[in-house]
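Hi,

Here's the structure I said I'd pass on.

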Amino acid sequence: MTGVPASAAGGTGRPAPGGKLGAAAVNQASLWNIANILTMVRLLLVPGFVILLLQNGGYDPAWRAWAWAAFAVAMITDLFDGHLARTYNLVTDFGKIADPIADKAIMAAGLICLSALGDLPWWVTGVILFRELGITLMRFWVIRHGVIPASRGGKMKTLAQGTAVGMYVLALTGPLATLRWWVMAVAVVLTVVTGLDYVRQAVVLRRRGLAAEREAVRAGDRKDASETAR
């Protein structure tokens with residue numbers, strides 16, 4: 001969950017030296033490639049994760065261990081499909097849409113279930129989900145002016161959120177239960193701080209985009225006036 005969708009890899013071209021595919025392969029990216037398949041697996045893991053977590057009332061340590069395994073697999077597939085997409089520069093429309101949905105779905109499912117079980121305060125879930133939804137909508141708001149790149153802080157936020165939710169899914173006690181509280185606190189702080197930074201970037205990007213558009217209009221008007229004067 002980086003902020004920039006990590007889409008699919010595939011295609012028919014032969015890998016160039018260094019593991020890169022040529023431009024021709026990029027244009028022939030197939031829907032059924034390994035990165036897209038990993039994204040589909042992550043989507044399918046969401047209902048499975050919820051079912052495992054809520055078995056026997058949601059407090060059975062064994063079932064919660066299985067739920068943690070499903071959550072961990074989902075997080076790992078997120079790393080792999082993103083790596084494949086970046087390495088081979090292959091993008092599909094499905095990957096652009098499905099990857100961020102899969103990322104947010106598994107995290108939202110974990111947060112909501114944990115709050116429903118009383119393990120996690122609802123305000124924590126609300127802050128994280130509000131931030132994720134808000135940043136996604138904001139990206140669409142400024143998309144015509146440019147793309148807000150994923151930041152190092154955003155990547156740290158994703159890692160902290162995944163680690164914290166995973167620790168809460170497990171039936172931990174004693175010092176580990178205390179540790180997971182601190183990990184979640186770090187995740188919440190990073191969530192808020194990086195969210196504010198993305199808002200700042202979006203405002204700056206939009207202002208620059210609008211200024212460039214106004215300058216283009218003025219340049220066009222000057223050109224028309226010059227041609228008319230001739």
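Arg-64 is buried, at a relative accessible area of 4% (buried is under 20%, exposed over 50% and partly exposed in between, using a 1.4 Å probe and protein chains only). Its salt-bridge partner is Asp-119, with the closest N and O atoms 2.8 Å apart; the term here means a side-chain nitrogen of Lys or Arg within 4 Å of a carboxyl oxygen of Asp or Glu. The two come from distant parts of the chain, 55 residues apart: Arg-64 sits in helix α3 (residues 61-88), and Asp-119 in the loop between α4 (93-116) and α5 (122-142). Asp-119 is partly exposed, with a relative accessible area of 23%.

Before you go further: this is a predicted model, so local features need pLDDT of at least 70 and side-chain atom pairs count only at pLDDT 80 or more, while totals for chains, interfaces and linings use all residues. Residues are numbered from 1 along each chain as its sequence is written, and side-chain values use heavy atoms, with hydrogens and water left out.

Helices and strands are DSSP runs numbered from the N terminus (H or I, at least four residues, for helices; E, at least two, for strands).

How many salt bridges are there in total? The count comes to six. Glu-132 takes part in two that I'd look at together. One is with Arg-131, at 3.5 Å from N to O, and the other is with Lys-157, at 2.9 Å. The Lys-157 pair again links distant parts of the chain, 25 residues apart, with Glu-132 in helix α5 and Lys-157 in helix α6 (residues 152-169). Lys-157 is buried at 4% relative accessible area, Arg-131 is buried at 9% and Glu-132 is buried at 10%. There's a network too: salt bridges with shared partners join Arg-42, Asp-78 and Asp-103.

Arg-42 also brings us to α2, where it is one of the buried residues, along with Leu-38, Leu-45 and Phe-49, among others. After α2 comes Asn-56, whose phi is positive, near 55 degrees.

Cheers
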